[in-house]
Amino acid sequence: HGYYEYMTFDCVYSASDYSDMVYLLSYSFNQGLDAQFNSSVGKFVGYTEKGMKDAEYWNNNPAELQQRRAEVDTY
């Protein structure tokens, strides 16, 4: 009985050398996906009205995008 906001970090791949790895940073609210950074797209994508606003804000911040793109190699 309340609100639940959370982030998840995922790396999805099928090749044993990780050459096809995709890094996903997901922001969810009450089990619904709001926004997600997808390394294959290279930017944030919004899935709800709030998520689209957040994605636009993050995508217009070069430091944010640079940090998320660098995380691909970190994780």
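This is a predicted model: local features need pLDDT of at least 70, side-chain atom pairs count only at pLDDT 80 or more; totals for chains, interfaces and linings use all residues.
**Group meeting: strand β2 and its neighbours**

I would like to begin with a single pair of residues, because the definition of pairing rests on bridges of this kind: the bridge partner of Y6 is S28, which lies in β2.

The hairpin of β2 and β3 has two residues between the strands, and in it N30 takes a positive phi near 50°.

How many of the eight residues of β2 are buried? Seven of them are, so that strand β2, residues 22-29, can be called mostly covered. For the protein as a whole, buried residues make up 29% of the 75 residues.

Turning to the surface, M7, F9 and Y75 form a nonpolar patch, which together has about 310 Å² of accessible area. Y75 is found in the segment after α2, the helix of residues 62-74.

Finally, the overall layout: the protein has four strands and two helices, and from the N terminus on the elements run β-β-β-β-α-α. The C-alpha trace spans about 45 × 30 × 15 Å along its principal axes, while the accessible surface comes to about 5,300 Å², with 50% of it belonging to carbon and sulfur atoms.

Key
Residues are numbered from 1 along each chain as its sequence is written. Side-chain values use heavy atoms; hydrogens and water are left out. Buried means under 20% relative accessible area, exposed over 50%, partly exposed in between (1.4 Å probe, protein chains only). Patches are made of residues with over 30% relative accessible area and no salt bridge: like charges are joined within 9 Å, nonpolar side chains (Val, Leu, Ile, Met, Phe, Trp, Tyr) within 5 Å. Accessible areas come from the Shrake-Rupley method with a 1.4 Å probe; for residues, only the protein chains shown count as cover. A salt bridge is a side-chain nitrogen of Lys or Arg within 4 Å of a carboxyl oxygen of Asp or Glu.
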